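Thanks, everyone. I'll keep this short. Please look at the screen.

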Amino acid sequence: MDFDTPINRIGTHCVKWDMMEKLYGVPAEGGLAMWVADMEFRPPAIVQQAVERMAAHGVYGYFGDDRAYLEAIRWWMKNRHGWDVAAGDIFTTHGLVNGTGLCLEAFTAPGDGVVLTTPVYHAFARTIKAAGREVRECPLSLIDGRYEMDFAAWDGLMTGRERMFILCSPHNPGGRVWTAEELRGVADFCKRHDLILVSDEIHHDLVFPGQRHLPMPLAAPEIMDRLVMMTATTKTFNIAGSHTGNVIIADPALRAKFAAKIMALGISGNSFGMHMATAAYSPDGAEWVDALMAYLEGNRQVFDAGMAGIPGLRSMLLEATYLAWLDFSGTGMAPAEFIGRVEKEARIATNHGDAFGTGGETFLRFNIAAPRAMVVEAVERMQAAFRDLQ
């Protein structure tokens, strides 16, 4: 469980490092990649060993007999989240963006509205628009430095054409762990407006000490007849390239619709991803995640303290995820100016806040899942780039 040793990813077909100069003008050599939401850490040894066993065997055929895979998922959800999942409710997709697209195809039609609580994970809106559906933004309220839901305001934004609500729980990019009351509020909102609820809980394992993530089926069991759950090993264990996610549907009618779409599109699991997920969802994997979150807590403290020393900058207190959400509104700078300082002076590539929808315009998202020395370096570069404010 070595989180301190740097790993050189340049030249490995890594989106995060090998594409940042093209996209952000920040060269990999001398730059810091803090945008794409994957980690600078190797996964648990047990995952690496599973891949090595596949390579040693040397035959890469279709995956079959998924009993151990399904049981690993069930074990993890029960032991880590207190959630009982039936094996027959689990579908495997090529990641959760793919899962989102499949949900749109299975449960909505072109022209239908899909509710997003913005600012929120940018791939949702991109996928909705590409599918010919309409994004219906329900902005989160920023109160005392944290996001809150305003259901009364959202009620007034509904047109009657909405068919789906996509929830990000825990929230990306704000790092909120939604409370039981908030989750029940989402369930009530979906019932009130006759919406299918897709709950993307990919960050559910990445919760900081003192916080507890509550899966939607436990918070609001009365919503099961319109609930689609999405989970994955990929964020938790840094294996996003395996493109393996799970869509879990308890309701028989919804499950049949989704199964028909999976069949129509000829989708089946990636054997590497399924072997990796089976290995990850284990006691060894759980021990690794616990150590990871303790390490990320240190990174969070270093980053937040460093940003607090720059007048006008405010890092939202993360309750979950490893994605720091930094607000520049207090500087009075236009986005072009503060982005220019971060990219050209500090030489750090981050996600631009406007990509996350309404409310994100004055923010940048920094990935702090990296060796501590890299986070310290980022803090020092930011302090130098904004030295005139101090």
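Before the sheet, one term: two strands count as paired if DSSP finds at least two bridges between them. Keep in mind that this is a predicted model.

Now the sheet. It is open and has four strands, in the order E11-E12-E15-E14. The pairing is antiparallel. Which strands sit at the edges? They are E11, residues 314–315, and E14, and each pairs on one side only.

E11 pairs with E12, residues 323–327, over two bridges, in the antiparallel sense. For Ser315, the bridge partner in E12 is Leu326.

Next, the largest pocket. It holds about 1300 Å³ of space. Its lining counts 49 residues. Nearest the centre lie Val36, Ala37, Asp38, Ala240 and Gly241. Several elements give two or more residues to that lining, among them helix H1 (15–18), helix H2 (20–24), helix H3 (45–57) and helix H5 (96–107). Helix H10 (234–237) is on that list too, and so is strand E14 (351–352).

Which helix gives the most to the lining? That is H6, with four residues. What is the lining made of? There are 23 nonpolar residues, 17 polar and nine charged.

Last stop, the surface. Val15, Met19 and Leu23 make a nonpolar patch of about 250 Å².

Terms used: Residues are numbered from 1 along each chain as its sequence is written. This is a predicted model: local features need pLDDT of at least 70, side-chain atom pairs count only at pLDDT 80 or more; totals for chains, interfaces and linings use all residues. Side-chain values use heavy atoms; hydrogens and water are left out. On a 1 Å grid over the protein atoms alone, a cavity is a set of points where a 1.4 Å probe fits but cannot get out, and a pocket is an open set with protein on both sides within 12 Å along at least five of seven lines; lining residues have an atom within 4 Å of a point. Grid points are joined across faces, edges and corners, and a volume is the space filled by probe spheres set on the points. Ala, Val, Leu, Ile, Met, Phe, Trp, Tyr, Cys and Pro count as nonpolar, Asp, Glu, Lys and Arg as charged, and the others, Gly among them, as polar. Patches are made of residues with over 30% relative accessible area and no salt bridge: like charges are joined within 9 Å, nonpolar side chains (Val, Leu, Ile, Met, Phe, Trp, Tyr) within 5 Å. Accessible areas come from the Shrake-Rupley method with a 1.4 Å probe; for residues, only the protein chains shown count as cover. A salt bridge is a side-chain nitrogen of Lys or Arg within 4 Å of a carboxyl oxygen of Asp or Glu.
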